[in-house]
2 protein chains.
Amino acid sequence: MVDTADPVSNLRDLGDSIDNIDAAIIHMLAERFRCTRAIGKLKAHHGLPSRDPAREAEQASRLRHLAAVSKLDPDFAEKFLALVVREVIRHHELVPRATTESISQSEMNLAGLAASTQSVE
Amino acid sequence: MVDTADPVSNLRDLGDSIDNIDAAIIHMLAERFRCTRAIGKLKAHHGLPSRDPAREAEQASRLRHLAAVSKLDPDFAEKFLALVVREVIRHHELVPRATTESISQSEMNLAGLAASTQSVE
């Protein structure tokens, strides 16, 4: 993949690729947190539970599979997801939540439904 | 950004976006580790030091700036980089290194030069 005849130049090229990839990932993460902030606001507004262990387990399993296919260590993919989820939980905790008294019965029913399909992301 | 009239549908849409973004990030990470594995092999072959604190500090500062511009928490960007760097170090430690006796004087000089421009990534 890399010409080893000129290691300094090769190292610089690889470093430049890494810088580009990191910039792309940072922008992807920014967009991901835009989504989770919107989810956090929706859930808080409707008094929905912020976490769904089943969805989180499904996400972890899916990312492990994608990692294996792209030859990334699946354990690392799961560590990455855990880091992101910890941050999302921190964000959600900062959003004021609707109280049980302030939400309608239909919203309470919705909470039961949505809790089975959505996690903290 | 999101129509709050149908929260379950909105939550599902946002979850789908998150799944797409996560898939993109996993593939980006796979490509990043392809680069760092190539760097690890080059450095091991030429007996170059695997870490460069100056380059690592520069990367952290650059990612913090990119994060701020894209409205991602700069502290989170730095946590993400730390997670990746820990993994890279683990990979580099698995690559057999050239011993001091097996590398030439010119490569030793190169080591001095390259150490100032490249980090563990």
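## A tour of two chains and their contact

Between chain B and chain A there are 10 salt bridges, a salt bridge being a side-chain nitrogen of Lys or Arg within 4 Å of a carboxyl oxygen of Asp or Glu. The model is predicted, so local features need pLDDT of at least 70 and side-chain atom pairs count only at pLDDT 80 or more, while totals for chains, interfaces and linings use all residues. Residues are numbered from 1 along each chain as its sequence is written, chains are lettered from A and ligands numbered from 1 in the order in which they are written, and side-chain values use heavy atoms, with hydrogens and water left out.

Select R90(A) and D73(B) to begin: they form a salt bridge, and their closest N and O atoms are 3.2 Å apart. Over all chains the count comes to 22 salt bridges. For another, select R34(A) with E31(A), whose closest N and O atoms are 3.3 Å apart. These two residues, R34(A) and E31(A), are three residues apart in helix α1 (residues 7-45) of chain A, which means that about one helical turn separates them; helices here are DSSP runs (H or I, at least four residues), numbered from the N terminus.

Next, show both chains whole. Chain B can be laid on chain A with an RMSD of 0.0 Å by a turn of 180° and a shift of 0.0 Å along the axis, when the copies are superposed by least squares on the C-alpha atoms of residues with pLDDT of at least 70 in both. That is the relation of a two-fold axis. In chain B, the C-alpha nearest this axis belongs to I25(B), at 3.0 Å from it.

Now colour the contact (heavy atoms within 4.5 Å), which takes 62 residues from chain B and 62 residues from chain A. The area buried between the two chains is about 5500 Å², with carbon and sulfur atoms giving 77% of it; buried area is the accessible area (1.4 Å probe) that two parts lose on being put together, summed over both. In chain B, select L11(B), I26(B) and F76(B), which lose the most area to chain A, together 12% of what that side buries.

Finally, select K71(A), L72(A), D73(A), F76(A), F33(B), R37(B), E87(B) and H91(B), which line the largest cavity. A cavity is a set of points, on a 1 Å grid over the protein atoms alone, where a 1.4 Å probe fits but cannot get out, and lining residues have an atom within 4 Å of a point. In chain B, α1 (7-45) and α3 (74-94) each supply at least two residues of this lining.

How values were computed: 1 Å grid on protein atoms, 1.4 Å probe; cavity = no way out; pocket = protein on both sides within 12 Å on 5 of 7 lines; lining within 4 Å.
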